[in-house]
Amino acid sequence: MAVSTDELKGLYYYLNLVRQTDERCRRLFKQGRFHGTYFSAVGQEATVVGSCYGLRAEDVIGIQHRELGAVITKGMPLKYVMAELYARKDSPDRGKSHPCHYGWKPMGIITPASTIAAQTVIATGCALAFKIQRKDHVAVCFVGEGATSNGVWHEALNFAGVHRLACVFVVQNNLWAESVPARLGVPLDDVSERAKAYGFPGLTIDGNDVLLAYETTQEAVRRARRGEGPTLIEMKTYRWYGHSEIDPANYRTQEEVEYWKRRDPVPRFERLLMERGVIDESYKQATLQRIEREIEEAIDFAEKSPHPEPHEILEDVYAPLG
Amino acid sequence: MRTMETAKTPGAAVGTDVKTVTYIEAITDGLREEMERDERIFLIGEDIAAYGGVFKATKGLYERFGPMRVIDSPISENFLVQGAVGAAIAGLIPSPELQFDDFISLAVDGIVEHAAKMRYRSGGMFTCPMVIRCCYGGAVGGGLFHSQANQSWFMHCPGLVVVTPATPYDAKGLLKSAFRGQNPVLYYEHKRLYRTIKGAVPTHDYTVPLGKAAVVREGRHATVISYALMLHRSLEAAEKLAAEGIEVEVIDLRTLLPYDKETILRSVEKTARAVVVYESSKTMGVGAEIGAMIAEEGFSFLDAPVRRVSPPDAPQEPFAPVLAAAYLPDAARIAQAIRETVAY
Ligand SMILES: Cc1ncc(C[n+]2csc(CCOP(=O)(O)OP(=O)(O)O)c2C)c(N)n1
Ligand SMILES: [Mg+2]
């Protein structure tokens, strides 16, 4: 399938929006404008933008802590993303959850818990419902390579394989699970080989190539919609900063970080679009200005949003017992 | 649809249009009727489809509703519950069956982090209506790993509703309420009661409210608070004591979380004495919470300390018959504890 100019521009916009938002959030946290911590995914933007761009509102995504780009690309309004980080009353979670645990029902973004891998399992359950309901919606299930060592992830893939559910399992292999290197978490060079055990295809791609991530995911999504079952896509990438902003990440070498920074997905895609004549310098500047404005508006919204009130601690524990 | 009070005495008739069924038949009937009423409901669990479940609780449902609504699951307890949470937020009403309470530890993440917290963690955006059925309990010779009663673990999980019926009437009525609400319900079935307890249930549709206890025997000398199998043994004890002139009020909790404080306190205010009879090791069991609550909110009513009657702090009911017999309280032990409390 040929990717249209509009799609290329869309990918470009989200790639930059996610990068700028992420860097801005890091600064906001460092300035103490919100508390807790912040999980940056700078360096990994292509994986999530590529895999969420073009999904339908009815498709669901199951996310972990490092999927800022997934929720933005899937369509969570930026102001709610910010309000979530600020734990304010206008956050969709009303300040209840945890930093970077974004959720937005209108766009099928499932508010996660922290237990790693679980969100992919819950999204797999959504895919089971889609099958029972005879809907052609798809569940895109995100994990890091570290989470693929968790038992429940295997239970979900096994079930999805048995029932040929409309799931796309995206593994962002960023080589580290907090401080543990991938070689101590997975006894394989390619995590995608794990798919063999569950009877569906597993692919490994360059996760810093947003176009490839997009095309590969879209192919898997089409397959899933046709009822042909799940696909696992491993996207090799790298997180530039610590596990979260309170982690100095001194378990990694500077060479390794530099190596990956040279493979930055953002300028790489920009060069491609410039070469193809899809965008030019003035388009770039206009896009960046628009993004800057959108981020400012979102921060403004979050900072003006009130804190939740103490009595709200008991809201949303139960629905009426009936 | 009418809401009716439970029978005063378990197993007693409640009207004219009634039929007598076993506890497990009440559950099977409840499942079938709810699935007929609401096509969003589906069942998923190990051996529940053509086989009908290890205790036959889902007998005939696969034939009636087919493979999309009665699904045999791989042995994946963790997925069972978490997958069901996903199906619930996607608009269905799943009912995963956990084969034994002894395996529920594998599903705790799904129950506690996801089902119980989905509404809270999403600020009410996502709700998680589902009915997790799980059989539990001793007195069936099940040994250490097929007898467990882990209700108190889940009484510590706000957001979750935990119920366990003692009678066919409540078994069916609570199940129906569970399927009709928006909360995740952990529905605990006592396997000793499956075929030993029969009772009358209405042939028309009815529900039993969640979160409400029932006074199943009235008395003025002491209040016994219990549920499920221990309720039946408590009633036996009350019967014995009646012959001695001790009138015991017996409360069936029915819902363990969130439980019905008012009914308990109202009764203790009347009797001034409370005995909690429960099935699990003593420390931090159901009695710890009920006892503490009475001490905190009903201290001035009391003429005697709150008494707990439970198995000892052994890990669970052991296999050897002699050891098993030393585990669960019987009517004699319960009666003795009540006598002592009344004599205090
Ligand atoms: C079940 C569970 N165990 C441990 C953690 C703590 N933890 C949070 S993120 C993380 C590392 C995750 O690594 P990976 O899946 O590769 O994702 P990444 O952080 O690299 O994006 C750990 C150990 C957790 N959240 N959940
Ligand atoms: Mg990782």
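Buried, in this talk, means under 20% relative accessible area, exposed means over 50%, and partly exposed is in between, with a 1.4 Å probe and protein chains only. By that rule A:Glu312 is buried, because its relative accessible area is 4%.

Some conventions. This is a predicted model, where local features need pLDDT of at least 70 and side-chain atom pairs count only at pLDDT 80 or more, while totals for chains, interfaces and linings use all residues. Residues are numbered from 1 along each chain as its sequence is written, chains are lettered from A and ligands numbered from 1 in the order in which they are written, and side-chain values use heavy atoms, with hydrogens and water left out.

I stay with A:Glu312. Its side chain meets that of A:Lys89 in a salt bridge, 2.7 Å from N to O; the term means a side-chain nitrogen of Lys or Arg within 4 Å of a carboxyl oxygen of Asp or Glu. A:Lys89 lies in the loop between α4 (78-85) and β2 (109-110) of chain A and A:Glu312 in the segment after α10 (281-304), so the pair ties together parts 223 residues apart in sequence. Helices (H or I, at least four residues) and strands (E, at least two) are DSSP runs, numbered from the N terminus. A:Lys89 is partly exposed, at 25%.

Another pair in chain A is A:Arg225 with A:Asp59, the closest N and O atoms being 2.8 Å apart. A:Arg225 sits in helix α7 (residues 210-225) and A:Asp59 in the loop between α2 (45-52) and β1 (60-62), 166 residues apart. A:Asp59 counts as buried because its relative accessibility is 0%.

In chain B, B:Arg339 forms a salt bridge with B:Glu244, again given by closest N and O atoms, 2.8 Å apart. The former is in helix α13 (residues 331-343) of chain B, the latter in the loop between α9 (228-243) and β13 (248-252), 95 residues apart. B:Glu244 is partly exposed at 44%. There is also a network of salt bridges in chain B, which includes B:Glu33, B:Arg37, B:Lys172 and B:Asp205. Over all chains, the search finds 43 salt bridges.

How many salt bridges does the rule find across the interface of chain B and chain A? The count there is 0. The rule does find 14 residue pairs in polar contact, both at pLDDT 80 or more. A polar contact is a pair of N or O atoms within 3.5 Å; within protein, one must be able to donate a hydrogen and the other to accept it, and residues adjacent in sequence count only if both atoms are side-chain atoms. On the side of chain B that touches chain A, the largest share, 9 residues, comes from α3(B).

The area buried between the two chains, B and A, is about 3500 Å², with 67% given by carbon and sulfur atoms. Buried area is the accessible area (1.4 Å probe) that two parts lose on being put together, summed over both. B:Phe79, B:Tyr120 and B:Arg121 supply 21% of what chain B buries against chain A, more than any other three residues.

Last, the metal. The magnesium ion (ligand 2) is coordinated by A:Glu145 (OE), A:Asn174 (OD1) and A:Trp176 (O), at 2.1 to 2.2 Å. Donors are N, O and S atoms within 2.8 Å of the metal (3.2 Å for Na, K and Ca); water is not among the atoms, so sites may look incomplete. Both A:Asn174 and A:Trp176 are buried.
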